[in-house]
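Morning, everyone. Let me put the structure up, and then we will walk through it together.

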Amino acid sequence: MSIGHALLGLLEGGPRHGYDLKRSYDERFGQDRPLHYGQVYSTLSRLLKNGLVTEAGVEAGDGPERKRYAITDAGVTDVERWLSTPEKPEPYLQNTLYAKVVLALLSGRSATEVLDAQRAAHLTTMRELTKRKVDGDLADQLICDFALFHLEADLRWLELTAARLDQLAVEVTR
Amino acid sequence: MSLLKAEGLFKSFGKTHALDGADISIRAGEVVAVMGPSGSGKSTLLHCIAGILPPDKGTVHYSGQDLTAMNDSKRSELRRTEFGFVFQFGQLVPELTCLENVALPLRLSGMKRKDAERASRDWLARLEVDGVADQRPGETSGGQGQRVAVARALVTRPKVIFADEPTGALDSLNGERVMHLLTTAARETGAAVVLVTHEPRVAAYSDREVVVRDGRSRDVEFAR
């Protein structure tokens with residue numbers, strides 16, 4: 001996730017100070033990985049240096065920094081460009097699970113056990129996400145569904161590999 | 001302590017060994033997903049432990065009674081009173097309204113129409129399909145029909161619900177809604193659910209999984 005673009009996107013709603021931005025980011029996108037203050041301020045200073053945000057006065061009050069930031073025209077253009085550029089699809093070609101299966105077969109260990117243990121671990125995580133999803137709001141549902149669909153893809157691969165283990169064993173030990 | 005326990009099940013159809021020494025154990029109130037690739041024997045396992053299909057070899061014990069030793073009428077009475085069933089499709093009687101479909105098992109057990117329909121209406125409401133009570137199954141959507149089928153499976157307050165690919169004919173949103181309503185209702189009434197599925201996201205509504213491959217099952221709870 002590009003934190004810079006996310007903060008810029010949040011600033012499009014109006015000028016805000018760093019703490020406020022962090023809170024808003026964590027609430028929407030950072031449930032599992034909240035931002036550190038350091039990240040927020042270093043990102044903001046980079047955006048400032050690149051002319052994508054500008055200082056918009058200082059708010060009176062306690063706390064570490066009450067400087068307010070506003071998005072610039074260049075910042076808006078940058079957000080637009082980011083939103084309209086598709087994310088590069090992950091090729092998923094570096095696969096630890098595949099390596100484990102092959103090494104189990106090469107060493108005469110049980111590849112079925114590797115696959116079974118992984119299936120159980122995946123399903124445990126999927127159960128936790130499902131629980132969170134059914135107890136949550138629409139944002140939770142969409143965030144959890146994204147994870148669930150990806151884990152499901154892994155599981156389908158595990159099943160397919162389990163069905164092809166005999167064939168794979170012949171090929172890797174040839 | 002298991003409510004339903006099957007041990008060493010074998011079942012062949014001609015030369016095909018559908019079950020080749022399968023074991024499974026279900027405790028009261030738990031939701032167990034039976035997973036495995038197509039043709040692995042998971043549906044045959046469900047049919048054997050539900051008393052629909054007699055195994056060639058092996059035993060099935062439900063609440064201390066041996067299903068494999070019962071005669072047909074005793075087994076079908078057990079199925080009607082203790083078990084509920086949800087299949088992929090084709091289980092509702094097309095000539096009856098949805099309400100009459102749900103009320104059917106209660107009527108077969110001798111309950112008066114008024115009482116049976118009152119209880120059925122409650123279940124339709126719990127499954128959020130009370131709006132289709134007076135429609136025939138053919139007039140409802142796939143998701144609604146499946147919720148009616150779940151209501152019918154639950155109306156007799158069964159101890160075990162057997163669900164064979166209950167979301168197989170539904171899109172993912174409707175499928176998940178059915179799973180949520182089915183597992184929530186089962187947990188509230190204390191019914192166990194044996195859920196046959198090949199879909200991991202459906203299996204994620206369970207408490208644990210039993211994997212079937214080549215007619216053999218891997219049930220970690222069975223050994224305990």
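Start with one loop residue. Ser63(B) counts as partly exposed, because its relative accessibility is 48%. On this scale buried means under 20% relative accessible area, exposed means over 50%, and partly exposed is in between, with a 1.4 Å probe and protein chains only. Ser63(B) sits in the loop between strand S4 (57-62) and strand S5 (65-66) of chain B. Helices (H or I, at least four residues) and strands (E, at least two) are DSSP runs, numbered from the N terminus. The phi of Ser63(B) is positive, about 50 degrees, although Ser63(B) is not a glycine.

Some housekeeping. This is a predicted model: local features need pLDDT of at least 70, side-chain atom pairs count only at pLDDT 80 or more, and totals for chains, interfaces and linings use all residues. Residues are numbered from 1 along each chain as its sequence is written, chains are lettered from A and ligands numbered from 1 in the order in which they are written, and side-chain values use heavy atoms, with hydrogens and water left out.

Now a loop in chain A. Tyr92(A) lies between helix H4 (73-84) and helix H5 (96-106). Its phi is near 55 degrees, a positive value in a residue other than glycine. Is Tyr92(A) buried or exposed? Tyr92(A) counts as exposed, because its relative accessibility is 54%.

Next, the domains. Chain A has domain 1 (3-84) and domain 2 (96-172). Those bounds come from an automatic or database domain assignment. The C-alpha centres of the two domains are 37 Å apart.

What lies between them? The largest pocket does, because both domains give residues to its lining. A pocket here is an open set of points on a 1 Å grid over the protein atoms alone, where a 1.4 Å probe fits, with protein on both sides within 12 Å along at least five of seven lines; lining residues have an atom within 4 Å of a point. The largest pocket holds about 1,000 Å³ of space. That volume is the space filled by probe spheres set on the points, with grid points joined across faces, edges and corners. The lining has 26 residues, and closest to the centre are Met1(A), Tyr25(A), Phe29(A), Ile143(A) and Phe146(A). H7(A) gives the most, with 5 residues.

On to chain B. The second largest pocket has a volume of about 410 Å³. It has 15 lining residues, and Arg79(B), Arg80(B), Phe83(B), Phe85(B) and Pro105(B) are the closest to its centre. Helix H2 (72-82), strand S6 (83-86), helix H3 (98-108) and helix H5 (142-154) of chain B each supply at least two lining residues.

Now the packing. The largest nonpolar core has 57 residues. A core is a set of buried Ala, Val, Leu, Ile, Met, Phe, Trp, Tyr and Cys residues joined through side-chain atoms within 4.5 Å. Leu124(B), Leu127(B), Val148(B) and Ile161(B) have the most contacts inside it. Apart from that core lies another, of 29 residues, among them Val32(B), Ala50(B), Phe85(B) and Val194(B).

Last stop, helix H1 (residues 42-49) of chain B. Why is it largely enclosed by the rest of the structure? Because 6 of its 8 residues are buried. Lys42(B) is one of the buried residues, as is Cys48(B). Just after H1(B), Gly51(B) takes a positive phi of about 75 degrees.
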